[in-house]
Amino acid sequence: MSSSMIVPVIDVQGNNFKELWAAMVIAIKTSSFIAIDTELSGLGSRKALLAESVEDRYKAICNAARTRSILSLGFACYKKLDNKAEITYLVQVYNLTLLCSEEYIIEPQSVQFLVQHGFDFNKQYAEGISYYKGNDKGGDAHGVNMRSLFVELLRANKPLVVHNGLIDMVFLYQCFYAHLPDRLGTFIADLSQMFPSGIYDTKYATEYELRFTASYLEYAYKKCKLENSKAIAGGGNGSHVFLEFCKYTGNMQSYIDYRPCLDNQNQDGALNICVQFSAYGWCPNGSQCSMSHDTDLIIQHDEKIREDKRKKRKRKNKKKGSQGPTETCSSPQGKRSHFEETELDQAVPISEHQEKTASSEATDATRTFEPGKAASKNGNEESQPEASSEAPVRPKEKKAEGGTHRAGFDAFMTGYIFAYARNLTENTEETSTAPLIPACLNKLFLSGKSVPLHVTKSTFSKSSKAHVHKMDYVWGKSIAVKSEGTV
C-alpha cells in the first residue's frame with residue numbers, strides 16, 4: 001500500500017508571472033475543478049469573526065479584507081482524464097507570491113507564523129506580483145495582472161473548491177474583483193452569479209459527508225489519502241483516485257518547489273498525542289509542546305480508538321445475542337464536535353494563518369479562506385507541459401522550504417479531499433452539468449453553526465451595481481471595463 005508522492009508546486013512571482021501566464025490559463029481552462037487557498041496579513045478581531053449573527057461576521061470579515069491583504073494565493077487545477085480505467089486526475093499546482101500596492105495592516109502573529117513555515121518576506125517585497133483592491137481603476141483591461149487573472153477564472157466557469165472558505169471568498173472579491181457590498185445578502189447574490197458552476201467547501205464535506213473524526217485540512221487530506229490507499233490495496237469493485245503530475249523541463253524546472261507527501265508510517269506502542277492539536281490542528285504551545293503533533297500518528301490513534309470501540313460494541317452485542325449497528329467515525333475521547341469550537345476559538349487568540357492547516361499550528365474550527373485563481377483565453381494547447389504519471393525527480397539544487405504550510409500545497413490538499421469525496425458520491429448516470437457533489441453544492445461551512453451558509457441568490461436581495469457592471473465586462477456584454485495596469 002503506497003501513497004507516497006512528490007507534489008510539484010510552481011512558484012510564481014513578478015519576474016516569471018508573464019512567462020507562466022499562458023500555462024496558468026490553460027491549466028484553468030482545461031480543468032475539471034479548481035481548488036484554492038490563501039495566506040493573509042491578518043484577520044483582526046477573532047471574537048468579531050465568530051459573532052453569533054452571520055451578518056455581523058460578514059461585516060467583520062469585510063473590515064479585515066478592506067484593511068488587510070492577501071500575501072500569497074495557491075490554486076490547484078484538477079483535470080479528470082477520460083482515457084483512464086480508474087478515476088485519474090492530471091494536477092497542476094501554482095503558488096503566487098503577491099504584494100498589495102496599497103497600504104495594509106500586517107499582524108505580528110501572522111508574520112511570525114508565516115516565517116516559521118517558510119514564507120519569504122524578502123522575496124515578497126522584492127518580487128511579489130502587484131495588485132490593488134476594490135473597484136477597477138484604470139489601465140489595460142487585457143493586461144497580465146491579478147485582476148485579469150481573476151476575470152479569466154470567472155470566464156472559465158469551473159467549480160471552485162475551498163476549505164472553510166467564507167473568508168477566502170470575501171478577500172478574493174475585495175482584492176481582485178470589486179469593492180465589497182455592505183450587506184451579506186448582496187454579497188451572496190453576487191457570488192452565486194460569479195461562480196455558476198458552484199462553490200464547494202471541503203470543510204463542510206468532511207464534517208457532514210465524509211464524517212471524519214476531525215476536519216482540519218491536513219487531517220482530512222491524510223485521512224482521504226490513507227482510505228484511498230487502503231481501498232487500492234484491498235482491491236474490490238469500487239473505483240479509486242489516482243493522480244498524475246506534469247513533467248516540467250527547461251526553465252520551468254527552476255520554478256518548481258517539490259513537496260514530499262510520504263506514506264503513513266505505522267508505529268507501535270503508546271502514542272503521546274496532543275489532544276488539543278488532535279482535535280483542531282492547533283496547539284497554544286506550538287513547537288514547544290511535549291506531545292506529538294504528527295498528523296499521521298493522530299489518525300493512527302483515532303483509528304485505534306475506533307477499532308477498540310467497534311470490538312467493545314461487538315462483544316456487548318454478542319452477549320445480548322444480537323448484532324450491533326455499524327460503527328461510524330465518532331469523535332475520540334478528548335475531542336469536541338465543531339459546535340463547541342466557538343468557545344475555544346474565542347478563548348485563545350490565534351492568527352488567521354494558525355488556523356489554515358493542521359500542519360501549521362492552526363485550528364480549523366475558525367479556519368480562514370482560500371483565494372481563487374484565474375484562467376486565460378489566449379492559451380495555446382501546445383504550451384501545456386508534458387504529463388507524467390511518475391513523481392518527478394527532485395533536482396539536487398532545489399530544496400523544499402521549511403514547513404508544509406504553503407498556499408499552493410494547501411490548495412492541492414483541498415483539491416484531493418474534494419476528488420476523494422466526489423469519487424465516493426459520484427453518480428455514474430450524472431450529466432456533464434450535474435453538481436459534482438450535490439449535497440455540498442454552494443454550502444460554505446460556518447464555525448459553531450449547525451447549518452452552512454447557502455450561496456444562493458435570495459428573492460429579497462439584489463446584486464450590487466459594481467458586480468452588474470463587472471459581469472457585463474466578464475461576459476462581453478458592454479465596452480471593456482478599464483482594469484489594472486500590466487505587471
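Which residues form one aromatic cluster? Some notes on this predicted model, starting there.

1. The cluster is made up of Phe-33, Tyr-78, Tyr-89, Tyr-200, Tyr-221, Phe-245, Phe-409, Phe-412, Tyr-416 and Phe-418. For context, searching the whole structure turns up 23 aromatic pairs.

2. Take Tyr-221 and Phe-412: their rings pair edge-to-face, 5.8 Å centre to centre with 65 degrees between the planes. This pair links distant parts of the chain, with Tyr-221 in helix H10 (residues 217-234) and Phe-412 in helix H14 (residues 407-425), 191 residues apart. Tyr-221 is buried at 1% relative accessibility, and Phe-412 is buried at 0%.

3. Phe-412 also pairs with Phe-409; the centres are 5.6 Å apart and the planes sit at 35 degrees, so this one counts as tilted. Both residues lie in helix H14, three residues apart, or about one turn of the helix. Phe-409 is buried too, with a relative accessible area of 5%.

4. Two charges sit over rings. The charged end of Arg-155 is over Tyr-473, 5.3 Å from the ring centre, and that of Lys-223 is over Phe-212, 5.9 Å from the centre.

5. On packing, the largest nonpolar core has 82 residues, and Phe-17, Leu-96, Met-146, Met-169, Phe-176, Phe-187 and Phe-195 touch the most other members. Helix H7 (residues 166-176) gives this core its largest share, nine residues. Another core, apart from that one, has 51 residues, including Val-93, Phe-212, Leu-217 and Cys-289.

6. Don't look for disulfides: the count is zero. The sulfur of Cys-175 is 6.5 Å from its closest cysteine sulfur, in Cys-100, which is too far for a bond. Cys-175 is buried, at 0% relative accessibility.

Terms used
Residues are numbered from 1 along each chain as its sequence is written. This is a predicted model: local features need pLDDT of at least 70, side-chain atom pairs count only at pLDDT 80 or more; totals for chains, interfaces and linings use all residues. Side-chain values use heavy atoms; hydrogens and water are left out. A disulfide is a pair of cysteine sulfur atoms within 2.5 Å. Buried means under 20% relative accessible area, exposed over 50%, partly exposed in between (1.4 Å probe, protein chains only). A nonpolar core is a set of buried Ala, Val, Leu, Ile, Met, Phe, Trp, Tyr and Cys residues joined through side-chain atoms within 4.5 Å. Helices (H or I, at least four residues) and strands (E, at least two) are DSSP runs, numbered from the N terminus. Rings of Phe, Tyr and Trp (its six-membered ring) pair if their centres lie within 6.5 Å; planes under 30 degrees apart count as stacked, over 60 as edge-to-face and the rest as tilted. A charge sits over a ring if NZ of Lys or CZ of Arg is within 6 Å of the ring centre and within 35 degrees of the ring normal.
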